[in-house]
Amino acid sequence: MVLRLEGIRKTALGAQDMLKLYLYGYSNRTRSSRQLERACHINMEVIWLMRRLRPDHKTIAEFRRKHSQAFKHVFRQFVVLCRRLNLVAGELVAIDGTQLKAVNNPAKNLTRNKLKRQIKEADQQIEAYMSQLDDADAREKGGRRLNRKQLKQKLKSLENELESMRTQESEMEAKDIQQISQTDPQSRSMAKNPRIGVGYNAQASADAKHGLIVAEDLSNAVHDYDQLEPMVRQTQENLETIEGFEVTADKGYDKASQINAVEEMGCRCHIPSRRNSKYPSSTYTRDAFRYLKTKDAYRCPAGALLEHQYDFKSKNGLRRVYANPQACQGCVL
């Protein structure tokens with residue numbers, strides 16, 4: 001079987017040569033385009049593989065940028081090849097994710113609150129410089145004198161920065177997003193992993209027979225809650241099968257709607273509940289309460305009806321409270 005480079009345009013080097021270079025780099029953990037360029041000059045394996053062709057780092061980087069989708073087609077063909085060679089069973093797959101650091105500096109990642117704070121600070125600085133323009137002999141904190149020309153230059157710079165921040169704030173409100181990254185636009189703050197800071201959530205699905213990866217994806221979601229169904233669907237597409245298989249993952253993927261969607265696709269899930277370790281045995285989780293849509297109420301494990309009492313606002317949005325104080329006071333549970 002020959003891997004076809006669908007969607008890749010021919011280059012002076014040849015698409016096959018560039019693909020071989022990237023596959024060699026991924027296999028040997030050489031990701032930098034500059035390191036790959038250097039390998040074409042000094043590494044005998046790469047010199048032989050590339051037939052003594054020596055692309056520069058810009059050509060290497062540009063090739064991947066233009067043909068990122070074509071790499072996915074190549075990966076899918078490779079998975080199909082492994083299936084035909086009986087290296088992939090397609091009976092049990094394990095899904096997991098890992099967070100990868102982006103090139104975006106945390107200081108260049110802005111949330112709505114952080115942006116509002118910076119706008120407020122910029123307004124205060126502009127007011128301070130405006131007052132200093134009335135007194136050309138005013139000094140900065142460091143003690144260096146600023147003349148009117150220098151003050152006007154600083155004021156102009158601050159006004160441009162303020163305008164840029166207000167544009168970003170309007171963009172976030174229009175798109176209804178909570179944060180924006182200036183260097184790597186698609187990256188997000190990984191709040192649960194301070195070591196990563198700003199990055200991505202990489203997902204992988206591995207076949208149990210030989211541990212080969214059969215599906216992969218990259219998202220900017222901080223949690224894994226919503227990643228189960230998309231990964232199972234992609235696994236089915238890559239394996240070119242509509243047959244159900246078994247799926248295992250850790251408790252980070254424990255979300256009822258995702259598990260139901262996967263089982264409707266004909267797959268069986270083996271996922272531990274993340275609630276078991278959080279609550280003591282003497283309490284009940286939300287799963288133990290049955291919602292009655294017609295009454296807008298819940299039926300508790302003891303059989304009592306919990307009716308809607310009131311609403312309140314929290315940092316996560318509007319919260320609805322259901323209770324039955326009279327029934328709870330005399331409840332044996």
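Predicted model: local features only at pLDDT ≥ 70, side-chain atom pairs only at ≥ 80, totals over all residues.
Q: How much space lies in the largest pocket?
A: The general idea first: rolling a probe the size of a water molecule over the atoms shows where empty space is left. In this model, the largest pocket holds about 1900 Å³ of space. Its lining has 39 residues, and Y26, R31, R64, E216 and L218 are the closest to the pocket's centre.

Q: Which helices and strands each supply at least two residues of that lining?
A: On the helical side you have helix 1 (15-27), helix 2 (33-42), helix 4 (57-66) and helix 5 (68-84). The strands are strand 1 (92-101), strand 5 (198-207) and strand 6 (213-219). Helix 5 gives the largest share, seven residues.

Q: What classes do the residues of the lining divide into?
A: Look for 20 nonpolar residues, ten polar and nine charged.

Q: At what angle do helix 5 and helix 8 pack?
A: Helix 8 covers residues 228-239, and it packs with helix 5 at about 65°, the two axes being 8 Å apart. Angles of 65 to 115 degrees count as roughly perpendicular, so helix 5 and helix 8 are roughly perpendicular to each other. Helix 5 makes the contact with F75, R76, V79, V80 and R83, while helix 8 brings E237, N238 and L239. Sorted by class, that contact has four nonpolar residues, one polar and three charged.

Q: How many aromatic pairs are there?
A: A pair of aromatic rings is described by the distance of the centres and the angle of the planes. Here the count comes to six aromatic pairs. Take Y22 and Y26: their ring centres are 6.1 Å apart and their planes lie at 35°, so this pair is tilted.

Key. Residues numbered from 1 in each chain as written. Heavy atoms only, no water. 1 Å grid on protein atoms, 1.4 Å probe; cavity = no way out; pocket = protein on both sides within 12 Å on 5 of 7 lines; lining within 4 Å. Points joined across faces, edges and corners; volume = space filled by probe spheres on them. Helix = DSSP H or I, 4+ residues; strand = E, 2+ residues; numbered from the N terminus. Nonpolar A, V, L, I, M, F, W, Y, C, P; charged D, E, K, R; others polar. Axes fitted to C-alpha atoms, helices over the stretch in contact; angles between N-to-C directions. Parallel < 35°, antiparallel > 145°, perpendicular 65-115°, else oblique. Contact = heavy atoms within 4.5 Å. Phe/Tyr/Trp six-rings, centres within 6.5 Å; stacked < 30°, edge-to-face > 60°.
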